[in-house]
Amino acid sequence: MKIEHNKNFTVGAVITCFMLAVILVGMFWTPYDPNAMDGAAKRLAPCLAHPLGTDNFGRDILSRVIEGAGATFLIAAATVAIGLAAGLVIGGLTGWYGGWLDECLMRLNDAVAAFPSILLALVLIALMEPGRSSVILALGVLFVPSFARIVRAEVARQKSLDYVASARLMGAGDVRILLLHILPNIVPVLLPSVAIGFNNAVLAEASMSYLGVGVQPPDASLGRMLNEAQGYLMSAPWYALSAGAAIILLILGFGLLSEGLGGDAGA
Amino acid sequence: MLEIKDLHVRFLSTGKEAVRGVDLAIGPGQRMGLVGESGSGKTVTAMALSGLIERWNVDMSGQVLFEGRDLLTCSREQLRRVQGKDIGVVFQEPMTSLNPLMKVGRQVEEVLKIHTQASPAERRRLALEAMAQVGLPEPEVTYEKYPHQLSGGQRQRAVIASAMVIHPKLLICDEPTTALDVTVQAQILELLRSVSRDYGVAILLISHDLRVVRKLCESVAVMYKGRIVEHGDTEEVFAHPQDEYTRRLIAAIPKRTRHE
Ligand SMILES: Nc1ncnc2c1ncn2[C@@H]1O[C@H](COP(=O)(O)OP(=O)(O)OP(=O)(O)O)[C@@H](O)[C@H]1O
Ligand SMILES: [Mg+2]
């Protein structure tokens with residue numbers, strides 16, 4: 001598979017690589033302990049010691065943004081992984097076998113997709129308890145239908161192609177055909193959806209944590225930080241701005257990547 | 001070896017009966033042609049023989065006996081054990097019958113992976129051997145290539161290699177040369193002939209072109225509107241066509257090439 005080097009893709013790749021590098025470094029080192037409070041340094045404006053200022057408890061915002069971006073990224077990635085894995089299984093089965101199995105699973109799919117997603121996520125989280133893993137699970141479930149639908153359509157399309165018929169005529173079993181022959185051929189179509197799904201997951205995590213049902217204090221996540229920052233919009237605008245900028249960078253990078261990939265896959 | 005008895009195939013979607021009572025028999029090593037105009041039901045017949053038709057899409061009756069087992073009623077497992085191993089199929093479209101993302105050599109090996117216990121090294125050796133036999137240039141190099149890096153003729157050779165590598169008993173070729181230009185066509189026919197001769201593989205060659213069939217097959221069946229209207233020794237049918245439709249088919253061949 002070759003990726004055409006268009007501008008979107010390049011810029012997206014640069015931004016994404018930058019964010020990934022920051023997140024990776026943040027796992028081992030941040031300028032300050034993200035949770036260390038300093039009563040003498042509350043709501044400091046950006047300065048040399050604290051490039052992005054400090055928050056209401058005197059915690060270093062740069063350190064918290066780095067840590068929060070990491071948390072948000074991991075949650076989004078896990079969410080997409082769940083949605084994609086289940087989507088592959090459901091879409092693969094329905095697209096390949098069709099018939100009543102297809103009817104049942106796709107109606108179930110539609111049912112999940114019919115609920116307003118944030119609302120459904122809130123309900124699901126309420127059934128468990130607020131926190132990181134609940135958010136991942138709830139959002140993951142929400143992401144299944146869209147992936148399932150894409151995979152199903154693509155599998156059904158590939159199924160009618162001659163090379164699949166050839167494989168069947170060689171006596172290849174269903175599992176072998178699906179995993180070895182069809183799966184690699186649908187990856188190019190899936191990649192842009194994965195990138196878009198990741199962005200939606202970042203936004204959804206931010207919303208959940210902003211609403212207070214996501215990552216719990218004192219842990220940092222970008223949505224959690226926005227929630228905390230809203231009280232100080234006037235007195236410490238750098239707090240909200242830093243968290244917001246990090247969200248935008250994450251989304252922008254993957255958005256541009258997916259557009260770069262999408263243009264290529266469509267060609 | 002293969003015996004078709006009163007095969008009927010009706011599509012449930014359209015209600016059209018594409019095959020309306022076909023009887024055919026092919027013995028080991030025999031080469032038989034199946035000719036007929038477009039839409040006469042040749043491909044549907046081939047698909048029914050090879051088990052490619054989804055059983056719930058059609059209403060089928062009759063029998064397709066392969067070495068005594070009815071392929072129309074046996075279990076999917078039993079069918080799969082015959083597919084590829086005993087019966088190989090080559091399609092019209094060499095452009096699309098290879099997986100675009102899989103190395104050519106791997107696809108030639110595929111059938112060995114499915115049906116044999118051969119080690120990877122052994123598989124590779126057999127694949128290279130088959131690729132050399134079908135006249136693919138530099139098998140070692142071609143093995144590592146992807147389908148889009150091959151010409152149409154080379155792809156069709158690769159497809160034939162992938163069907164041949166396991167030495168099936170019957171090779172069903174549905175218009176294997178239609179998408180290729182004339183010189184390549186002749187080469188592929190020659191290849192099929194040598195494959196059949198060297199390994200005793202029976203061939204069912206489907207074509208709308210009597211000349212193609214005449215070059216390769218010792219017997220021919222003429223299909224018209226879902227039925228076999230004439231059946232016999234190729235030269236005999238050419239010299240003394242019994243059926244009106246066969247006469248028209250022969251008459252349609254340009255004079256210059258009729259007695260080549
Ligand atoms: N999947 C299908 N559903 C419904 N009808 C079909 C289907 N496939 C084939 N048919 C019909 O069956 C008839 C026979 O088609 P078939 O493909 O066997 O013809 P053919 O002899 O192979 O022609 P050609 O030389 O063009 O390949 C046609 O009238 C066609 O419309
Ligand atoms: Mg046909």
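This report walks through a sheet in chain B and the cavities of a predicted model.

## Ground rules

Since the model is predicted, local features need pLDDT of at least 70 and side-chain atom pairs count only at pLDDT 80 or more, while totals for chains, interfaces and linings use all residues. Residues are numbered from 1 along each chain as its sequence is written, chains are lettered from A in the order in which they are written, and side-chain values use heavy atoms, with hydrogens and water left out.

## The sheet in chain B

Chain B has an open, mixed sheet of six strands, in the order E6-E7-E8-E3-E9-E10. Its edge strands are E6 (87-90) and E10 (227-233), each pairing on one side only. Neighbouring strands here are turned by 15 degrees against each other on average, direction ignored. As for terms, helices (H or I, at least four residues) and strands (E, at least two) are DSSP runs numbered from the N terminus, and two strands pair if DSSP finds at least two bridges between them.

Take one pair from this sheet: E3 (residues 31-35) and E9 (residues 219-224) of chain B run parallel over four bridges. In this pair, B:Leu34 stands opposite B:Ala221. Helix H6 (residues 152-164) of chain B lies across E6 and E7 (170-174), running at about 170 degrees to E6(B). Angles run from 0 to 180 degrees between N-to-C directions, with axes fitted to C-alpha atoms, for helices over the stretch in contact; contact means heavy atoms within 4.5 Å.

## The largest cavity

The structure holds four cavities of 30 Å³ or more, and the largest has a volume of about 200 Å³. A cavity is a set of points, on a 1 Å grid over the protein atoms alone, where a 1.4 Å probe fits but cannot get out; lining residues have an atom within 4 Å of a point. The volume is the space filled by probe spheres set on the points, which are joined across faces, edges and corners.

Of the 19 lining residues, A:Ser166, A:Ala167, A:Met170, B:Ser97 and B:Ser162 are the closest to the centre. H6 (162-169) of chain A gives the most to this lining, with four residues; E6, H3 (104-115) and H6 of chain B each supply at least two.

## The second largest cavity

This one has a volume of about 50 Å³. Its lining includes A:Leu169, B:Val89, B:Phe91 and B:Asp174. The largest share, four residues, comes from H1(B), and E7 of chain B supplies at least two.

Notes. On a 1 Å grid over the protein atoms alone, a cavity is a set of points where a 1.4 Å probe fits but cannot get out, and a pocket is an open set with protein on both sides within 12 Å along at least five of seven lines; lining residues have an atom within 4 Å of a point.
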